[in-house]
Amino acid sequence: MQDADPPVVVAAQTNHALDQLLNRISQFEENYIRLGRRSADTNIKKKTLFEFRQKVRLADLPSGLLVAAKKELHSITEEASRLLRPFNAENSDTPLPASFFLANDLISSAQYAKLRKGAEGWICSGSADKEDPMAIWLGDSVVEFKINYKEENLGLAKEVDLDDIPEKEPETDVVFGDEESEALRGTLISIKEGLVGRGGLAALERVTKENFVKLQDLWKVPPKFRGGVYNALRKHAIDKVIAKLRKLIVRYNEACLKHKAGKWEIDYVYLKRAKVIGMTTTGLSKYRGLIAGLRPKVIMIEEAAEVIEAPIAAACVESLEHLILVGDHKQLQGRCAVRALEGEPFFLNISMFERLAHNGMEFKTLTVQRRMAPEISALLTPIYGQLEDHPCVKEWPEESDDQLSKFNEYEAQMVVRFILYLVLNGILVGDITVLTFYNGQRKRLLSLLSRLKYLRDQVFKVATVDSYQGEENDVVILSLVRSNEKIGFLSDEHRVCVALSRAKRGFYIFGNGQSLALDPLWWDVIKIMGDGGERPRRLGFKLPLTCEKHGKMTFIHDLAQWDTINGGCDRLCGEVLSCGHECSLRCHSFPHDQVICNKTCNKRLPCGHICRGPCSKDRPCSCPCGVVVVEEIEEKVDVWEGSNNEVISIVPSSSEDPVISNEKDHAEFIKNYRDFANGGAKKQDAVLNERAKAMASEEMQKILDEEAFNDLFGSNTREKKKAPNRMTPAVKRVGIDGTKRERYVDYFNADATPSKARKHISSGGNLLDTELS
């Protein structure tokens, strides 16, 4: 391309597709400009014509059309405002003034003079606006103007079969308020018809017959006919104003065209410096004059099979030498705003691309595909014939559990459970897309996915087939929904083509194969999946899942079966946890640091006994004899004032066994221990229980007193005492042998703050417990 060559114009059907195209072009050509600022891509936004105008301001061309057009528009606006001023809403409570009728040659100067002279003899008690001679002459011969509108259904009472209406998500146009905005601008004049004369048509006919309007002295008109005279003058005045406005509108439209051409003269300076200019196919029509002025030789249109003929015809400017249409006429067709034009005899939904292809025009077809794994591309054989797989798709490794089988409510839940299985086995959420032909199914899937506790705060890609053309992903799950003989959108070959060609590495279909087999196209697809041949069979009534750890295959055909696996198989995990016990969960893929062990601890304590509590790093070891290993509690709680001002303190446990120096001391130790075990322990436990009950009763009484105080006097501003932990430190006691003994008392404390839920998976629980109801 030479420096003097005009820019190449590229266009696409949607803003999203145009952004993708310009992003690819930017990899080898940075000198491009995008017409229209409705782009969601931050890099493309910087390259819009609007941004270039903001960065480099060009002065109006002295000899250009813009300056003269601005003056003409301002003059026309002022003249139109003057014409409509008597009809402003702020003047709607008074009749049209006599000066207005004089200015429009509806009454003579003599009639106006006598109106004023006759009005001078009247004394008005109202506001200043009653001083107008026309208002005084009319008196009470005017009434408020009203119109009673009847409700009209415009022929839309006929029921519409919603199943026949294509469901397509709107293209997201994020930016508004730019130069493309269709918002009305300029002077706003609020018009309101305020008052009309009394008498209606009968009075108007009498006025016309008697020719009262021609009387030189309007005061001689009988009062009962003055309303009719006013209506006649008013009607002629409105007709004259409308005639003048129509002439102004013609001038205004001509000035607007000159104004647009003047702006394009400035835009031309920006655009002629670019190598590539991008726009949507709608922009080809909207900016046709500007594009024609650039005299491009090459125009390329992406997604041409989905573009109706009008925008492509608009692209055929006089200087065009090479029109490149890129698309696939076997995918989605174009759409008309009026659906009746899509069928016989018009067929306006058929693009020029498709017409040329069917009429024998020579075209090139891409036969090598670089997107899908060979097993997936084989499904498109009934549509495209035999496609050649590029080596890059053959190098992609297949996962061992990639099998096929695929709603309504039940199908949606199966799809959601399968998504969780894939994520547990290492597939990223962003690499998974769920496609469906129905927007209702899309919403249901999103609702179910939002309830998955394990995948909370994740963003899922769930879309309808119509909105996903041109997109792709590593793993695609297709939910077909229909399960009866009427399959609706699923019989549309263009939609089926899009649905089957979006996946790169894994493609899973959930649906009713027996119903689909009645359709010829789906029958061909099902045969390819089921016949096998050189490839393994990929069709069945159950979903085979292979456990990577044990190599066992699990067949899923019911929702309840998902509860038997945690991303692996139904065997026990059997691996060793950090505590030394074996993991008691079923086979899983998540790490063991998320598992809480519920087996018996069995650690030997400093007292010599074995800990019989649950094994968990979040629970302290304890022993019935009173020795407790609670380093964390000893650090947090030292002293707390209990009931009856009794001080209860934690006694640090000795980490060493008691030292017995000789045989005599040992015998004394055994004797004291036996005496204590034969009755002393029970007696002391009874005393501790009584004290614990007294402490709990007093604590509850304090809470009740606080509530009563709040009920009487409002919010309690008194400072509360620091509440003890639910597990109260033991009471310090000295046994009969002089040894120390302690006991933990567990009682309910309403002031205790519950600890935050731990993000762990309890042994014995099911990770797949989700609220899907």
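How many salt bridges does the structure hold?

1. The structure holds 15 salt bridges, a salt bridge being a side-chain nitrogen of Lys or Arg within 4 Å of a carboxyl oxygen of Asp or Glu. This is a predicted model, in which local features need pLDDT of at least 70 and side-chain atom pairs count only at pLDDT 80 or more, while totals for chains, interfaces and linings use all residues. Residues are numbered from 1 along each chain as its sequence is written, and side-chain values use heavy atoms, with hydrogens and water left out.

2. R34 and D19 form a salt bridge through their side chains, at 3.3 Å from N to O. R34 belongs to strand β2 (residues 32-34) and D19 to helix α1 (residues 15-25), so the pair ties together parts that are 15 residues apart in sequence. Helices (H or I, at least four residues) and strands (E, at least two) are DSSP runs, numbered from the N terminus. Both R34 and D19 are buried; buried means under 20% relative accessible area, exposed over 50%, and partly exposed in between (1.4 Å probe, protein chains only).

3. A salt bridge also joins D239 to K235, with the closest N and O atoms 3.5 Å apart. The two residues lie in helix α9 (residues 223-271), four residues apart, about one turn of the helix. D239 is partly exposed at 40% relative accessibility, and K235 is partly exposed at 45%.

4. In the salt bridge between K504 and E472, the closest N and O atoms are 3.9 Å apart. This pair links distant parts of the chain, 32 residues apart: K504 is in strand β13 (residues 503-510), and E472 is in the loop between β11 (461-464) and β12 (473-479). E472 is partly exposed, with a relative accessible area of 39%.

5. A network of salt bridges links R335, D466, D492 and R495.
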